[in-house]
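Trainee: Could you take me on a close look at one part of this model, the place where its chains meet, and then show me how that part sits in the rest? I would enjoy one connected walk through it.

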Amino acid sequence: MHFQFPGQLAWAWLLVPVVLLFLVRRRPKKVKVSTLAFFKSLAHVYRESPWLRRLKKLLALLIAIATVGFGVFALAQLVVAPEAGDLKSVIVVIDGSASMAANDADGRSRLDVAKQRVRNRLAGLQSGIGVLLMRYDHRPEILVPHSYDRRALLRALEAVTVRPVADDADTALRLAARLAALHAPAAIWHVTDSPLLRSGLSEDAKEAKSAEEDSRRNAEGKGSKSGDGEPTEAIEVATLEERLGLADDVSIETLPIGLPTSVNAGITGFQIRPRPLERGHFDAFVEVHARGPTDVEVKLEVRMDDKLVSLRDLTVKPGAYERLLIPVEGTHGSVLTLQTRAEGDVLGLDDVVHARIPEARPVRLLWIRKKEAIDPFTQLALVALGEEGVLEAFEASPEAYDLEKETFDVVLFDGWLPPTWPTNLPALVMKPRRSLGPIRTVPIEGDGLPIDELRAVDEQHPVLYGVASDRVAVTQTAVLEAGGSLSPLWTGSMGPLLVAGEVKGQKLVIAAFAADRSERLGLMASYPLLLGNAIFWLAQGDEEERQGNNLQTGRLVAAEGTAITWHDTAGSEVARSALAGGGTVTELDRIGLWRIGEKAGSASLLSKSETLTGTGSQDDVAAAPVGTSGFLSGDLRPLLLWLLLILLVVEAWLFHRHAVY
Amino acid sequence: MADEQVFDADFLQRLRTLFFKLRRRRMLKQKGVQQTQALGFTREFKDYRHYTRSDDFRAIDWRLFARVERLFVKLYEEIQEYHIHILVDRSASMIEPFPRKRIATLRLGVALAYLGLMNQHRVSMLSFASDVKQEVPPLKGQGHIHRVLQHLTGMPFEGVTELACLKQFRPKRDRRGIVFILSDLLGREPEEAAAALEISTSWPAETHVVHILEPEEIHPDIDGEVRLIDVETQEQRQLTLTRRDMDRYQEAFEKFLADLAQSCMRRRVDYVTWRTDLPFEKMFLELLSRGSALSQG
């Protein structure tokens, strides 16, 4: 037995005056009369013995206490748990990601099927079992907290819609598992078309995961060329229960939706890059995935400002992908549209990608160093990056230091710091000799301290991507203080010598070592890699900008503005939504072209997991009843209210039936 | 209320004034004292007349015969003397919960006694509750009024009203009597009063029932849950009374008064209600103006 709203039990304090009034109630006024003869004739109908009067008073007290008690319990929503071992709650986790919009058969979307499946289940669920309804796409959202109100639950279920966003079932299920533990014993009903089954990741999921990994690598220029979808690394296979950390008394059941035989083809990867040294020419990287019982014939249309410029015919094996590099010519602001068409395609949300042609320019770096303190290894690394056309480095002496003159993406302070710390640019600081702004450093006197063995604190940090930290030996010039949001990446015997982080919105990488005095660093590939990683990580925000802000749906965009407007390829506004509280961050929850103030971009689904999902059936199966029914179990609020009404009627009959004023 | 206030100097002065008012009114009516033309046996000589054969020869005035040698008989004035019986209810309900009833009763009793003594009638003071008790022996002469006052002042009011005890009261038939019953007539049952007054028809006297009432007895101001206590029997009754109940009470009480008046009328008993909130003189004059023999002087 428990209360849904235990705070309402505070109303029980009303019992105090009730009992007090009974205990210290006013005695009847004593009135002396000359004779009782007339009163006796008057009151013959009320005549009652003293013991009956006392009994009635006690009964009145009990009725008052019971009335207040029932009222308080009803307010606090008393719930009597079903018998031991039975379920106390069910967490319904419904997938609301893009793939749930697919129409597998009979014109119903997967979401409709999912709703029907849940309705059928809820119909067989005993009323004493609380239900929590949660939907998710890339983030979970609790629609109905733990409740016994089935009507509210069904209303909320009807209101669930699909958002064209990829899902993140793990996050949602972890949250569901934690919520279920609060009301254990509990069951989680996971209604999804995702191939996440009870025994961990399914073959489909493994395939999808490996393919996404390949896709990512390919986009970074390091991927495999294979298109057969074979997994390239071992995938951790653990049971779902283990991965979610489910308690013993919490079970999870997946209700699969979506026909595995459905045909779907969609664009799952896209990136547009300017060709080096070819202004106005771009390469569009496209990845197309398909699923179906047999090979899927896919037509890929390439349109520039709604004009068809290219058409590709692809044959994609089920579960496999095709990756293409499509040369594109366009001017800044033009809209590139890619669309796949396949016979029997069940999901339209993944068929289209819009992209704004970005302004073609490399990362602009301002390198400030003293003339006499030139570091040939740094210069060599920057030149190498510049040759690839991705970086444009400008050298300046401290005397010419002026960030306002030109527009730069990143500033590199090499062995020198300005008098006041600039806060408007991401900064890479090398060999700092004093503390300034967010930099806290203690210089090491002399030529520095050779460090043979570095400890990489965070090898997964983007700045250290591909860097062989264990093979590097450096000469530390200062000890850095990694506090607050600056996290150490390399630590020597005296303390951190490479830190990175974001301080008050400004990205920072601070390196307290000299490449020219470091053994096995300057000549290794790790140094230009480290330098390039640092520069591109620092310029990452602008990198998206340079690539036209062509982002996945669900991403958060930071921009100054009061509303986000959505446009078609002709530039006409199709939707507008105000930004809550005039905020600067908003989520991209549509597919199309968007604009916030001066910032513009596009949003596309681009999710392999959304394109390839569909593992269940469309059948509406009536579920077996869950839980045992009982008169005194479940939500007792209606019963309590009835009892309260009956008590009031009894009280009126017992004590007020003669009182006619 | 203190006894001094019951019979204070002011009250006695008012009583005298009242008496003179009454006498003047009698003189204006030329009724005179209760003298009749009938020959009586009192010693008050009135006239002579010739002796006739039917006259008692013992009435012949032999002295006059010796002087005028004719037979005359003396005529004596017959003076009618009443015996006034004043019965005072001394039950507890006459003092509680409304002490004004006791004061009104005692003042009325004293006023009647004063009137009787001043007019040379015999006055007996009796009291009753559960039995009838002679408080003061028959008195005659105005000088006894202080004795009456003294006795009534110390008379205790207690006990239960048993109106049936009026049967114990039997006035003698030797002289005409006037009976005043001063009571609230509240017994165990409302019907008890009318039944008890039945006995008055056997008394050789004219009977006056003075029903002493407190206004609040007719219109009690009681509401809500109360514990009622009968001041005579100490019986208690806890009731929740509503306004409607009190209306019904008033109806019952008024019916009780009406039935009592009707019953007295049938038995040729004078019945008057004496409300304690009304002026004493007004009520007293009204009482005497109802044709009592006492008011004839």
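Mentor: Here is a walk that begins at the interface and then moves out into each chain.

Please keep in mind that this is a predicted model. Put together, chain A and chain B bury about 2800 Å² between them, and 63% of that area is on carbon and sulfur atoms. On the side of chain A, A:S34, A:F38 and A:L42 lose the most area to chain B, together 25% of what that side buries. The contact draws on 21 residues from chain A and 37 residues from chain B.

Now for the polar side of this interface. Nine residue pairs are in polar contact across it, with both partners at pLDDT 80 or more. The count of salt bridges between chain A and chain B is two. One of them pairs B:E96 with A:K32, whose closest N and O atoms are 2.9 Å apart. As for the elements involved, β2 (29-33), α2 (37-42) and α3 (50-75) of chain A each supply at least two residues of the side that touches chain B.

A:L23 is exposed because its relative accessible area is 56%, over the 50% cut-off. A:L23 also belongs to a nonpolar surface patch of about 610 Å², made with A:W13, A:V16, A:V19, A:L20 and A:V24.

Let us step back to chain A as a whole. Its secondary structure comes to 13 helices and 40 strands, and 49% of its 661 residues count as buried. Among its contacts with a separation of 6 or more, 72% are between residues 24 or more positions apart. The accessible surface of chain A is about 31700 Å², with 55% of it belonging to carbon and sulfur atoms.

A:N264 counts as buried because its relative accessibility is 3%, under the cut-off of 20%. Its side chain has a polar contact of 3.0 Å with the side chain of A:D350, and a polar atom of that A:N264 side chain lies 2.8 Å from the backbone oxygen of A:T611. Leaving aside neighbours within four places in sequence, the residues in contact with A:N264 include A:H289, A:R291, A:V346 and A:E610.

Side chains of opposite charge can pair when their charged atoms come close. Over all chains, the whole structure has 31 salt bridges. In one of them, A:E395 meets A:R369 at 2.4 Å, N to O. A:E395 lies in strand β21 (residues 391-396) and A:R369 in strand β20 (residues 363-369), so this pair ties together parts of chain A that are 26 residues apart in sequence. A:E395 is partly exposed at 42% relative accessibility, whereas A:R369 is buried at 10%. Elsewhere in chain A, a network of salt bridges links A:R135, A:D137, A:R139, A:E141, A:R163 and A:E587.

Chain B has its own pairs. B:K101 forms a salt bridge with B:E217, their closest N and O atoms being 2.6 Å apart. B:K101 sits in helix α4 (residues 100-118) and B:E217 in helix α7 (residues 215-218), so the pair ties together parts of chain B that are 116 residues apart in sequence. Both B:K101 and B:E217 are buried. B:R58 and B:D56 also meet in a salt bridge, at 2.9 Å, N to O; here B:R58 is exposed at 67% relative accessibility, and B:D56 is partly exposed at 34%.

Terms used. Residues are numbered from 1 along each chain as its sequence is written. Chains are lettered from A and ligands numbered from 1 in the order in which they are written. This is a predicted model: local features need pLDDT of at least 70, side-chain atom pairs count only at pLDDT 80 or more; totals for chains, interfaces and linings use all residues. Side-chain values use heavy atoms; hydrogens and water are left out. Patches are made of residues with over 30% relative accessible area and no salt bridge: like charges are joined within 9 Å, nonpolar side chains (Val, Leu, Ile, Met, Phe, Trp, Tyr) within 5 Å. Accessible areas come from the Shrake-Rupley method with a 1.4 Å probe; for residues, only the protein chains shown count as cover. A salt bridge is a side-chain nitrogen of Lys or Arg within 4 Å of a carboxyl oxygen of Asp or Glu. Buried means under 20% relative accessible area, exposed over 50%, partly exposed in between (1.4 Å probe, protein chains only). Contact means heavy atoms within 4.5 Å. Buried area is the accessible area (1.4 Å probe) that two parts lose on being put together, summed over both. A polar contact is a pair of N or O atoms within 3.5 Å; within protein, one must be able to donate a hydrogen and the other to accept it, and residues adjacent in sequence count only if both atoms are side-chain atoms. Helices (H or I, at least four residues) and strands (E, at least two) are DSSP runs, numbered from the N terminus.
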